[in-house]
Amino acid sequence: MTAYTPILVLGAIAAAFAIGSVAIAPLTGPKRYNRAKLDRYESGIEPSPLPEGGGKVSIRYFIIAMLFIVFDIEIIFLYPFAVAFDALGWFGLIEMFLFMATVFVAYAYVWRRGGLEWD
């Protein structure tokens, strides 16, 4: 159990920081609201008018979000593999090739469907 103590302590510190940040934000944040602050976007770009009650969100938003998650998870799994490459041996190498093949299939599917083309 002592090997996991630093990980648990780091997790507790991260959780305390996240909860503390959310709890203290309403107390320390500015209270000045203006039209730009209450607008849908804060980027300075005027939003396009939407019908009453909101409008449809483009599916491209969700496709890009899923692409980000797929490739982000891929990178998260590649770092530990690279660190423990020597200890894993052939089993680790074959498993990583299977994982990369799965991710490549997702990449090829998105590419074929036009998900990587920007309008």
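Me: At which residue does H4 bend by about 75°?

Reply: The model is a predicted one. H4 has 29 residues, and a straight helix of that kind would reach 42 Å at 1.5 Å a residue. The end C-alpha atoms of H4 are only 34 Å apart, short of that span. The helix bends by about 75°, and the residue at the bend is Phe91.

Me: How far apart are the end C-alpha atoms of helix H1, and what span should its 24 residues give?

Reply: Helix H1 covers residues 5–28, and at 1.5 Å a residue it should span 34 Å. H1 does bend by about 25° at Val22, with Pro26 following within four residues. The expected span still agrees with the distance between the end C-alpha atoms, which is 33 Å.

Me: Which helix gives the most to the lining of the largest pocket?

Reply: The largest pocket holds about 220 Å³ of space. Two elements give two or more residues to its lining, helix H3 (59–83) and helix H4 (85–113). The lining includes Arg60, Ile63 and Met66 as well as Ala106 and Tyr109. With five residues, the helix that gives the most is H3.

Me: How many residues of that lining are charged?

Reply: Arg60 and Arg113 are among the lining residues. The lining divides into seven nonpolar and two polar residues, and the number of charged ones is two.

Me: What is included in the cover of the buried residues of H4?

Reply: The buried residues in H4 are Gly92, Met96, Val103 and Val110. Val110 also lines the largest pocket. The cover over the buried residues of H4 includes H3.

Technical notes: Residues numbered from 1 in each chain as written. Predicted model: local features only at pLDDT ≥ 70, side-chain atom pairs only at ≥ 80, totals over all residues. Heavy atoms only, no water. Expected span 1.5 Å × (residues − 1). Bend = angle between axes of the 7 residues up to and from the residue. 1 Å grid on protein atoms, 1.4 Å probe; cavity = no way out; pocket = protein on both sides within 12 Å on 5 of 7 lines; lining within 4 Å. Points joined across faces, edges and corners; volume = space filled by probe spheres on them. Nonpolar A, V, L, I, M, F, W, Y, C, P; charged D, E, K, R; others polar. Buried < 20%, exposed > 50% of the residue type's maximum accessible area, 1.4 Å probe, protein only. Contact = heavy atoms within 4.5 Å.
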